[in-house]
Amino acid sequence: MSTMRAAVVHSFTEPLRIDERPLPAPGPHEALVRVEYTGVCHTDLHAARGDWPVKPELPFVPGHEGVGTVVAVGEHVERVRVGDLVGNAWLASACGACEFCESGWETLCPAQRNSGYSVDGSFGDHMLVDARFCPVIPAGVDLAAAAPILCAGVTVYKGLKVTEARPGQWMLVSGIGGLGHVAVQYAVAMGMRVVAIDVDETKLALARQHGAEVTVNADEHDAVGEITRATGGGVHGALVTAVNGKAFPQAVAGLRRGGTVALVGLPPESFPLDIFTTVLLGLTVRGSIVGTRRDMAEALDFFARGLVSPTYSVRRLEEINEVFGEMDRGGIDGRVVLSMA
Ligand code: NAD
Ligand code: ZN
Ligand code: ZN
């Protein structure tokens, strides 16, 4: 019987182990994919540490930014064929029949399954995907660069859309990590003017390189005042991708009257929301979780047309524990993409 190699979480307090495991056979609606690259999202680190109230069942394989080639398909697979380039995504599958699926919000389906969390993900040389849901990678793109689009890209693209900010308006991107540095690019491509905020000067330089007009260090004494002055009264929209709870009230404080903040970062914390200000200034605070299949196709299209190009560095699967350490310290520029070669 043939085997595969994967980085496996056996405990929330121990490093991942590289295991040999049996190569799975694709069931109905499934495709088996030989993974070439996978991005490393901060969600994978939250998952491996069991940070959130709903924990993944151990052992599991993280990863939801995998790209590779279909090598086998199960029964009833029509959407992809052997040889096609596809990926996985946080939204592994949804029921297709609930009120949320029916109304084009499959990302809210209560019966959804999530790659690298409730189903094994892309931190391995092979993975199973549901062929009805897997992203199809456009022809001719750089595969390593495509990986970060599958979570970071689609998530920030959707998050920017739900702020309802328009071309010409100001967008605050808080947290310029894997998600934030592509958020700057999507916002610019969507015609918005970008203010970037982070605690690290290297990240702010990356934001300027990708088109941010204004950058602010979140630790500065009057960071909110700086945002307000630079934008003539505050930002129309804000997207918070930061991994620190402090960034959330700071983004709310940077909003213009009538502005909307989309919460995307997932630190396991809460923050106080001032009722009086929220009411009198007509502010909107909304959560946003990844994106639908349609959002994914649109996000990939921006990438394929060269409007968004992730900054990334390639590492080996075996280096995953070091990569998690660097991510925890905020030491990664853009995204790390693991190579299975
Ligand atoms: P990352 O580690 O690459 O980036 C996090 C960034 O936050 C870093 O640049 C860091 O310097 C910055 N930061 C830390 N403290 C800050 C502060 N006080 N103010 C501003 N910035 C600060 O992480 P990532 O992969 O971009 O993921 C970010 C978060 O988004 C994670 O919590 C992840 O789980 C979450 N996420 C959510 C969704 C969703 O659908 N809602 C999807 C993917 C990831
Ligand atoms: Zn992710
Ligand atoms: Zn559903």
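Donors are taken here as N, O and S atoms within 2.8 Å of the metal (3.2 Å for Na, K and Ca), and since water is not among the atoms, sites may look incomplete. The model is predicted, with local features needing pLDDT of at least 70 and side-chain atom pairs counting only at pLDDT 80 or more, whereas totals for chains, interfaces and linings use all residues. Residues are numbered from 1 along each chain as its sequence is written, chains are lettered from A and ligands numbered from 1 in the order in which they are written, and side-chain values use heavy atoms, with hydrogens and water left out.

**View 1. Cysteine site of the zinc ion (ligand 3).** Cys-95, Cys-98, Cys-101 and Cys-109 each coordinate the zinc ion (ligand 3) through SG, at 2.3 to 2.4 Å, and these donors are spaced C-x2-C-x2-C-x7-C along the chain. The arrangement is tetrahedral (four donors, all angles between 85 and 135 degrees) because the four donor atoms subtend angles of 106 to 117°. Cys-98 is buried, with a relative accessible area of 17%, while Cys-95, at 40%, is partly exposed; buried means under 20% relative accessible area, exposed over 50% and partly exposed in between (1.4 Å probe, protein chains only).

**View 2. Site of the zinc ion (ligand 2).** Cys-41 (SG), His-64 (NE2) and Cys-151 (SG) coordinate the zinc ion (ligand 2) at 2.0 to 2.3 Å, with the spacing C-x22-H-x86-C along the chain. Cys-41 is buried at 3% relative accessibility, and His-64 is buried at 1%.

Terms used: Four donors count as tetrahedral if all angles lie between 85 and 135 degrees; four count as square planar and six as octahedral if opposite donors are over 155 degrees apart and all others between 65 and 115; anything else is irregular.
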